[in-house]
Amino acid sequence: MLVNQIAVFLENRKGRVGDFAKVLADNKIDLVSMSIADTKEFGILRAITRDNSKAVKVLREAGFTVTSSDLIGIEVEDRAGGLSEVLELLYIGGVEIEYLYSYARTEAKKAIIMLKVSDIQKAMAVIEKNKIKVLENSII
Amino acid sequence: MFFDSKIEQMGREEMRALQLERLKKIVKYAYERVPFYKKKFDEIGLKPEDIQTLEDISKIPYTTKTDLRDNYPYGLLAVPMDDIVRVHASSGTSGKPTVVAYTKNDLDMWSDCVARLIVAAGGKKSDVVQISFGYGLFTGALGLHQGWEKVGASVIPASSGNTERQVMLMKDLGATALVATPSYGLYISEVMEKMGIKKEDLKLRIGLFGSEASSPEMHKELQDKLGVFPTDNYGLSEIIGPGVSGECEYKCGMHINEDHFYPEIIDRETLMPVADGEWGELVITTLTKEGLPMLRYRTKDITRLITDKCKCGRTTTRMDRIQGRSDDMLIIRGVNVFPSQIEGVLMSIPEIGGNYEIVVERIGHLDKLTINVEVKEVTLLDNYSKLEDLIRKVRQKLKVVLQIDAVVKLVEPQSLKRFEGKAKRVTDLRKI
């Protein structure tokens, strides 16, 4: 299934991640996952929350530059080669991956990977054809 | 030493008589040949014959950079293009440059003027001069180049950039004189230090620094680090380029080539002439220029005129070090930059917001221009490369318009100050 994610533009300056977290906290929005890469000048913070549409709204009101986009969440076997097999199939199917990150969940038997792909339709076709297990809605 | 002692030591009365004779002539010339001037005169019922004394010059309307822009590129020329032998250009307030053009006589007059100030600064025929100004449309490099050739010196047209090579050339070719912006001169000294080259390894003895304002402190540093006797000189392309005025060995103001450039100082609010010796905006009338005569051109540079006798023996009026500008033009690494040019570029890029900030700093001795812009288009947040592409795009477009490289920073919207009324977009942190 598709997982909605928010992306926030952050300048690389002290306290900005904290400011972001505070806006969510003040509005009682629970963070499910978050990832951020470090660059010299700016960063894009990517997060999944329990209520993305509300998060986008309150963050915008607080002056953040925010957008949301869809990722594909898949489950892969938690063993060596588990991810490689899936990526291979997507590659053969002509799907480019812009980025991905793993989503940690306690007591899980399977690893959950969030994929941002070039073409969602195409990716979903590959996934269905190869019966790759996608994330259940209820997990998040 | 004088290049032209007859003019440079001319008695004041005689000089004023020469100026008046030339003023009458150029006013008539401009009126008859340039429709722009005719229209301006006719609108206020002024006739060339109304100019009978030097004081009558105040009856003539001002000319501004906007007039040059409105008549881009050749609208203010007083001669057919066939008589033009050289064209130069500088940055304008809009995307278009300010174009200036010279006849053969203009080039001769120009190189004479530059030669005078080179000699006043201590330049000699025996000098080997390295010109570290960027060659091209900019008047600085070729202006000094021609002047030094007129003096008879050996000229090395090194242009700017590739500083290690500059140092090597200076050393190997035995340069005795350096022409550069003061900040580039200081940068050269830093590079020398890194290369392990001492001023004693060079033969430099004088430095002519111009094209941007400098302070006595900078001159002291140039003297200490390069072993040169530094002088300041002044000019602007609309008038001629470098060669309007320059310091002599006594460094007590820049001697103006008054037989060609008639200076006035006006109050920048009222636009009325100020009392003798008061500070204000410099206005120049070209008394002899054929290609592009300028009547009462507002330079926007703030200075004052000094008329007491100079120890060097020159009788010409001097102008003080430039104290600033009455418009928002920035001079960055010797290049004219208008915030409106930057704004024009930013507005042409839909992915960024209308809010921006221009920061000018001096890092070491070099000017650094940083432009902070907001990301408006949120779909770019999908990935880093899109944002990096955006930065590259803004940078390239700025480079095309400004001719200099700027650092472009993407910032969060709220981090830029919101302005009410007149926006203050420029923060100049340089201390000159």
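View 1. Nine residues from domain 1 of chain B and twelve residues from domain 2 of chain B form the contact. Two residues are in contact if their C-beta atoms, placed from the backbone, lie within 7 Å. Helix H8 (residues 182-195) of chain B gives four residues, the largest share of the domain 1 side. By class, that side has two nonpolar, six polar and one charged residues. Here Ala, Val, Leu, Ile, Met, Phe, Trp, Tyr, Cys and Pro count as nonpolar, Asp, Glu, Lys and Arg as charged, and the others, Gly among them, as polar.

**View 2. Chain A against chain B.** In this contact, 16 residues of chain A meet 14 residues of chain B. Strands S1 (2-11), S3 (42-49), S4 (65-77) and S5 (97-103) of chain A each supply at least two residues of the chain A side. Eight residues of that side are nonpolar, five polar and three charged.

**View 3. The fold of chain A.** Chain A has four helices and six strands, in the order β-α-β-β-α-β-α-β-β-α from the N terminus. Helices (H or I, at least four residues) and strands (E, at least two) are DSSP runs, numbered from the N terminus. Of its 140 residues, 28% are buried, that is, with 20 or more other C-beta atoms within 10 Å of their own, C-beta atoms being placed from the backbone.

**View 4. Nonpolar cores.** The largest nonpolar core has 83 residues. B:Ile118, B:Val129, B:Ile131 and B:Ile284 have the most contacts inside it. A nonpolar core is a set of buried Ala, Val, Leu, Ile, Met, Phe, Trp, Tyr and Cys residues joined through C-beta atoms within 7 Å. Helix H5 (residues 104-120) of chain B gives nine residues, the largest share of this core. A second, separate core of 59 residues includes A:Ile44, B:Ile358, B:Leu380 and B:Leu398.

**Notes.** Residues are numbered from 1 along each chain as its sequence is written, and chains are lettered from A and ligands numbered from 1 in the order in which they are written. In this predicted model, local features need pLDDT of at least 70, side-chain atom pairs count only at pLDDT 80 or more, and totals for chains, interfaces and linings use all residues.

How values were computed. Buried ≥ 20, exposed ≤ 12 C-beta atoms within 10 Å, placed from the backbone.
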